[in-house]
Amino acid sequence: MATSTQNTQYDKLGTKYNSIHDLPVTKPEIPSVLAALGDIKGAKCLGTFLLLFLQVCIFVPSCPFTGILDLDHVVPDLRCLPSCYLACGTGRFAHLLHTLGASSVTGYDISHIMVDAARTAYPESTFPTLSFNISDCTKPLSPPPENAPFDLVFAGWFLNYAGTEEELIGMFKNIASNLNEKGRFVGITTNALEPQMSTPKMDFYGLDILVLDPAYRDPSTSTSTGGNDERDVLGIKARVRGHTKEKVEFDVFQFKSEVYERAARKVGLGLKWREWVLPEKRDDGSEWGEGYWERWLDRPNFVVVEGWRL
């Protein structure tokens with residue numbers, strides 16, 4: 001039987017995880033993702049942040065990014081986006097999609113604590129179009145999403161929790177099975193392109209990223225009988241520690257780009273890697289300051305990936 005690396009580490013974090021989003025390191029995520037999405041006017045979409053599905057998303061003036069991002073420039077037709085979204089955590093992004101006009105959002109997460117937190121924060125009595133479910137998203141989703149297949153599948157901070165190539169294939173299989181023949185996949189994950197991934201990042205824009213295993217091999221594959229470990233190195237295993245008031249710490253995997261590409265090909269998906277986009281201003285509208293992002297650009301902590309059916 002294959003070894004599973006999926007776990008419920010977020011059961012120990014709960015809503016404390018939300019404090020990560022206040023750190024500067026997270027601020028390039030939204031503009032980079034929006035740039036990758038491009039013009040998706042009229043698309044029927046599916047997406048994931050730890051795993052949720054957005055049915056219809058219409059940009060409204062109350063959007064939290066108004067004044068921070070030039071959404072007309074980044075995504076010209078977001079106002080007309082019929083969409084779907086995939087991976088929920090405490091429901092923060094599910095609520096964001098709701099404020100953007102989503103007609104319904106269904107969230108999935110392996111952690112019952114995170115799902116309970118999402119249900120508490122966004123009760124059905126107040127948010128009847130939001131629902132949250134417990135599911136291991138490396139396997140077929142239960143309950144399955146409605147209205148599949150979709151024009152767009154979005155996966156945010158989802159693929160980096162695959163600890164074996166088989167689990168990564170399972171994630172891509174979920175994505176592919178919900179994508180129509182001409183659809184696109186867009187995701188955000190740990191930086192698969194980083195040549196220095198085995199070197200820790202300390203005091204990195206509000207995070208410490210410690211390397212637990214600098215040459216991580218697939219635990220589900222066998223070693224040679226001669227005593228030498230001949231398994232391919234997939235990448236690294238890392239521990240992320242936030243500079244937050246309450247302790248926030250969790251483990252992730254950072255696989256190399258060729259591992260992602262190989263896993264995607266096995267389920268009939270092609271991949272390409274997108275450029276990063278920096279936020280123009282801070283949340284309060286002030287400037288970042290000259291050279292602020294130089295160290296981050298040298299070693300970005302994430303990468304946006306785009307995919308399609310081969």
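Select K247 to begin: with a relative accessibility of 60%, K247 counts as exposed, where exposed means over 50% relative accessible area, buried under 20% and partly exposed in between (1.4 Å probe, protein chains only). The model is a predicted one, in which local features need pLDDT of at least 70, side-chain atom pairs count only at pLDDT 80 or more, and totals for chains, interfaces and linings use all residues. Residues are numbered from 1 along each chain as its sequence is written, and side-chain values use heavy atoms, with hydrogens and water left out.

K247 lies in the loop between β9 and β10. Helices (H or I, at least four residues) and strands (E, at least two) are DSSP runs, numbered from the N terminus.

**The hairpin**

Next, select residues 233-242, strand β9, together with β10; the two pair in the antiparallel sense over 7 bridges. Two strands are taken to pair if DSSP finds at least two bridges between them. β9 and β10 form a hairpin, with 6 residues between them. R239 stands opposite D251 of β10, and A238 has V252 in β10 as its bridge partner. Then colour residues 249-255 by accessibility: this strand, β10, is mostly covered, with 6 of its 7 residues buried.

Most residues other than glycine have a negative phi. Now select D203, in strand β7. Its phi is near 50 degrees, a positive value in a residue other than glycine. D203 is exposed, at a relative accessible area of 52%. Y205 also has a positive phi, near 55 degrees, and is found in the loop between β7 and β8 (207-217). Is Y205 buried or exposed? At 11% relative accessibility, Y205 counts as buried.

**The helix pair**

Finally, select residues 165-177, helix α5. This helix of 13 residues reaches 18 Å from its first C-alpha to its last, close to the 18 Å expected at 1.5 Å a residue; the expected span is 1.5 Å times one less than the number of residues. Among the buried residues of α5 are L168, M171, F172 and I175.

α5 and α6 pack at an angle of about 55 degrees, with their axes 8 Å apart. That makes α5 oblique to α6, since angles under 35 degrees count as roughly parallel, over 145 as roughly antiparallel, 65 to 115 as roughly perpendicular and the rest as oblique. Display the side chains of E165, L168, I169 and F172 in α5 with V259, Y260, R262, A263, A264 and K266 in α6, which make the contact; contact means heavy atoms within 4.5 Å.

How values were computed
Axes are lines fitted to C-alpha atoms, for helices over the stretch in contact, and angles run from 0 to 180 degrees between N-to-C directions.
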